[in-house]
Each structure stands twice: as C-alpha cells, then as structure tokens.
Amino acid sequence: MTVIYYKRLLNPMPYQFRFSLTNKTNYDLRELRVVGDKELKLKNIEKGKTLNFAISDYSENSDIDLICKMENDRIYTLNLAAGMTNSCGYYYNIDLTVLHGRLTKN
C-alpha cells in the first residue's frame, strides 16, 4: 500500500497549541511574549479585547508562559499550558483577570 501525504492538507491538522486570550483586566497588557522552547512576540491586548494565536514549535512537557507588562509597568509571568504531546491539538480559551493585585487566568 502506498500513502501519499499532501502538505497543504496536513497544515490544518490540530497538532499545535491554540490560544484565545481575553483581557478581562482593567489594564492594557503590553509587550506580550509567549515563551516556551521558542519565543513568540504578540501584539498588545487592550482591556476587553481578545487575541488568538497558535504555537506549533514545542517539546513534550515544556511550559508555555505568557510574559507581559501592565499599565503600572510591572512585568508579570503567567503559565498558560504545559506541553504534553504532539499527537493532537489543544485549544485554550483563557480569560485574563487580576486577583489580589496579580495577573491570573481562568
């Protein structure tokens, strides 16, 4: 049996981490970076806005962290996910909030 793979058909396969970040804080989030095995720079998220992105380059069991600045110029690091396996895709719908003065997620 011969199996032929067409790359254009494989690209939409859900092997990556997909994120939807909604800024439900009262602050604009600036200088956003997602850091795992590689670093991904994101655009700013104004309060009340949502940002969608995907990460396809990661190793198993690696952490995926969000690093950002808020209006008070404090830098926050927040864990978004842990890489588990490359065998299927993951989708995270995350609401960013502030609890007790710290950036948190739901």
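# Close-up views of a predicted model

**View 1. Threonine 22 and its bridge partner.** Threonine 22 has aspartate 95 in S7 as its bridge partner. The model shown here and in every following view is predicted. Threonine 22 itself belongs to strand S1. With a relative accessibility of 13%, threonine 22 is classed as buried, because the cut-off for that class is under 20% relative accessible area. Leaving aside residues up to four places away in sequence, threonine 22 is in contact with Lys49, Thr50, Ile94, Asp95 and Leu96.

**View 2. The parallel pairing of S1 and S7.** Strands S1 and S7 run parallel and are joined by 7 bridges. One of the facing positions is serine 20, which stands opposite asparagine 93 in S7. Another is threonine 22, whose partner in S7 is aspartate 95. In general, the strands of a sheet pair through backbone hydrogen bonds, in either the parallel or the antiparallel sense.

**View 3. The open sheet that holds S1 and S7.** In this sheet, 4 strands follow the order S4-S1-S7-S8, with mixed pairing. S4 and S8 are the edge strands, each of them pairing on one side only. From one strand to the next, the twist averages 25°.

**View 4. The hairpin of S7 and S8.** S7 pairs with strand S8 (residues 102-105) in the antiparallel sense, over 4 bridges. Within this pairing, threonine 97 stands opposite threonine 104 in S8. The hairpin has 2 residues between its strands, and histidine 100 adopts a positive phi near 55°.

**View 5. The stacked pair of phenylalanine 17 and tyrosine 90.** How many aromatic pairs does the model contain? The count is 5. In one of them, phenylalanine 17 and tyrosine 90 are stacked, at 5.1 Å centre to centre and with 20° between the planes. Phenylalanine 17 is in strand S1 and tyrosine 90 is in strand S7, so this pair ties together parts that lie 73 residues apart in sequence. Phenylalanine 17 is buried, at a relative accessible area of 0%. Tyrosine 90 is likewise buried, at a relative accessible area of 18%.

**View 6. The stacked pair of phenylalanine 19 and tyrosine 92.** The ring centres of phenylalanine 19 and tyrosine 92 are 5.3 Å apart and their planes meet at 15°, so this pair is stacked. Here too, distant parts of the chain are linked: phenylalanine 19 is in strand S1 and tyrosine 92 in strand S7, 73 residues apart. Phenylalanine 19 counts as buried, with a relative accessibility of 1%. Ring pairs join Phe17, Phe19, Phe53, Tyr90 and Tyr92 into a cluster.

**View 7. The largest nonpolar core.** This core comprises 25 residues, and Phe17 and Phe19 have the most contacts inside it. Two or more residues of the core come from each of strand S1 (17-23), strand S2 (30-35), strand S4 (50-55), strand S5 (63-69), strand S6 (75-82) and strand S7 (90-99).

**View 8. The antiparallel open sheet.** The order of the 4 strands in this open sheet is S3-S2-S5-S6, and the pairing is antiparallel. Its edge strands are strand S3 (39-41) and S6, each of which pairs on one side only. Direction ignored, neighbouring strands are turned by 20° against each other on average. Inside the sheet, S2 and S5 run antiparallel and are joined by 4 bridges. Arginine 33 stands opposite isoleucine 67 in S5.

**View 9. The protein chain as a whole.** The secondary structure consists of 1 helix and 8 strands. Starting at the N terminus, the elements run α-β-β-β-β-β-β-β-β. Of the 106 residues in the protein chain, 32% are buried. Among the contacts between residues at least 6 apart in sequence, 60% join residues at least 24 apart. The accessible surface of the protein chain is about 7,100 Å², and 49% of this surface belongs to carbon and sulfur atoms.

Conventions
Residues numbered from 1 in each chain as written. Predicted model: local features only at pLDDT ≥ 70, side-chain atom pairs only at ≥ 80, totals over all residues. Heavy atoms only, no water. Core = buried A, V, L, I, M, F, W, Y, C linked by side-chain atoms within 4.5 Å. Buried < 20%, exposed > 50% of the residue type's maximum accessible area, 1.4 Å probe, protein only. Phe/Tyr/Trp six-rings, centres within 6.5 Å; stacked < 30°, edge-to-face > 60°. Pairing = 2+ DSSP bridges. Axes fitted to C-alpha atoms, helices over the stretch in contact; angles between N-to-C directions. Contact = heavy atoms within 4.5 Å. Areas by Shrake-Rupley, 256 points an atom, 1.4 Å probe, with all protein chains shown as cover.
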